[in-house]
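My notes follow in the order in which I made them.

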Amino acid sequence: MVSPSTKLYGLIGYPLGHSISFYIHNAAFRALSIDALYINIPIEPESFSKAILGIKYLPIYGLNVTIPHKERIIDFLDEISVISKLIGAVNTVYLEENKWKGENTDFGGFLETLKELKLDKDLPCLILGAGGAARAVVYAVIEYGFKEIYLTNRTYGRAERIAEEVKKNKNIEIKIIPWQERHKVDEKLILINTTSIGLDGKSTPWNGNFKSIAFVYDIIYNPKETPLLSLAKENNVPFKNGLDMLIYQACLSWNKWFGFIGPFEIMKREAEKLL
Ligand code: NDP
């Protein structure tokens with residue numbers, strides 16, 4: 001539905017070709033007869049400051065933020081949530097009391113799925129990757145209650161930085177494993193992939209055996225079944241992809257924009273048509 005009073009929402013990032021947010025949010029607006037439109041707003045990194053200042057003066061009521069702007073947006077906001085500060089990234093921007101505020105709903109989205117899965121908190125979890133998404137995942141596994149957390153990343157220093165921050169902010173010890181040694185961990189554990197390995201549908205971040213793996217979670221959602229998840233399936237290990245995390249983060253953005261959580265099933269149905 002588009003009318004003279006239609007309210008604009010949108011996604012800023014660059015490039016945006018891969019995103020399904022446009023489709024899932026607009027499908028939900030239509031289903032709930034909300035007079036709003038969600039648009040893609042590609043902003044090249046060089047134009048970011050000028051564009052974002054301009055956006056603040058336009059009748060836009062809320063934004064999602066994706067790569068590569070999730071960190072930079074923080075400097076342009078009046079306030080961000082405690083968890084966004086810890087993670088160092090914002091993916092949802094909303095207007096409240098005439099102030100532009102920021103939230104990180106990747107954290108809440110991932111956490112929601114952990115609660116649904118009811119994964120065993122007493123097992124250690126091994127997180128592959130230390131990029132932007134990993135930061136939200138690390139704080140979510142802590143919030144969920146995992147007591148033992150291992151982190152491994154190709155660039156060791158990035159993992160080290162996350163571990164140092166977590167120690168400082170939460171007084172929790174994360175054990176770092178060098179990337180080349182990740183397969184040596186032989187305790188029973190939950191494996192979580194936050195790297196982009198597998199996006200191509202060919203590569204896998206895990207070549208070790210699956211005997212000691214209790215569950216595999218790959219936060220990639222396209223392809224729906226990454227090579228890592230196919231391997232889990234072949235080895236009879238239960239697994240999950242990143243689609244529900246993505247849908248929950250979208251639903252939680254609605255909570256900031258409209259004061260209620262977005263319709264999960266409607267958005268998921270729309271996403272499944274596309275993937
Ligand atoms: P980043 O670019 O910030 O991080 C990429 C990560 O992948 C880094 O840890 C990087 O290691 C690692 N990596 C990339 N290529 C290789 C390689 N060839 N070998 C070893 N490690 C590699 O991306 P994000 O963290 O934002 O996103 C990561 C993934 O998570 C993406 O696939 C994205 O689709 C998915 N995602 C899913 C979401 C969902 O809602 N389901 C939400 C957000 C992201 P290094 O530090 O060494 O470069």
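Entry 1. I worked from a predicted model. I first looked up where the largest pocket lies, and I found that domain 1 (7–103 + 245–273) and domain 2 (107–240) both give residues to its lining, so the pocket lies between them.

Entry 2. I noted the volume of the largest pocket as about 1300 Å³. I then looked up its lining, which consists of 41 residues. Nearest the centre of the pocket I found Ile67, Lys70, Ala133, Ser196 and Ile219.

Entry 3. Which elements give two or more residues to the lining of the largest pocket? I recorded strand 3 (60–65), helix 5 (132–144) and helix 8 (243–258). Helix 8 provides the largest share, three residues.

Entry 4. I turned to an open sheet of six strands, whose order is 9-8-7-10-11-12 with parallel pairing. Its edge strands are strand 9 (174–178) and strand 12 (239–240), as each pairs on one side only. I reminded myself that strands of a sheet pair through backbone hydrogen bonds, either parallel or antiparallel.

Entry 5. Opposite Leu126 I found Tyr150 of strand 8.

Entry 6. I looked up what helix 5 touches in the sheet, on which this helix packs. Its contacts are strand 7, strand 8, strand 9 and strand 10 (189–193). The direction of helix 5 makes about 170 degrees with that of strand 7.

Conventions:
Residues are numbered from 1 along each chain as its sequence is written. This is a predicted model: local features need pLDDT of at least 70, side-chain atom pairs count only at pLDDT 80 or more; totals for chains, interfaces and linings use all residues. Side-chain values use heavy atoms; hydrogens and water are left out. On a 1 Å grid over the protein atoms alone, a cavity is a set of points where a 1.4 Å probe fits but cannot get out, and a pocket is an open set with protein on both sides within 12 Å along at least five of seven lines; lining residues have an atom within 4 Å of a point. Grid points are joined across faces, edges and corners, and a volume is the space filled by probe spheres set on the points. Helices (H or I, at least four residues) and strands (E, at least two) are DSSP runs, numbered from the N terminus. Domain bounds come from an automatic or database domain assignment. Two strands pair if DSSP finds at least two bridges between them. Contact means heavy atoms within 4.5 Å. Axes are lines fitted to C-alpha atoms, for helices over the stretch in contact, and angles run from 0 to 180 degrees between N-to-C directions.
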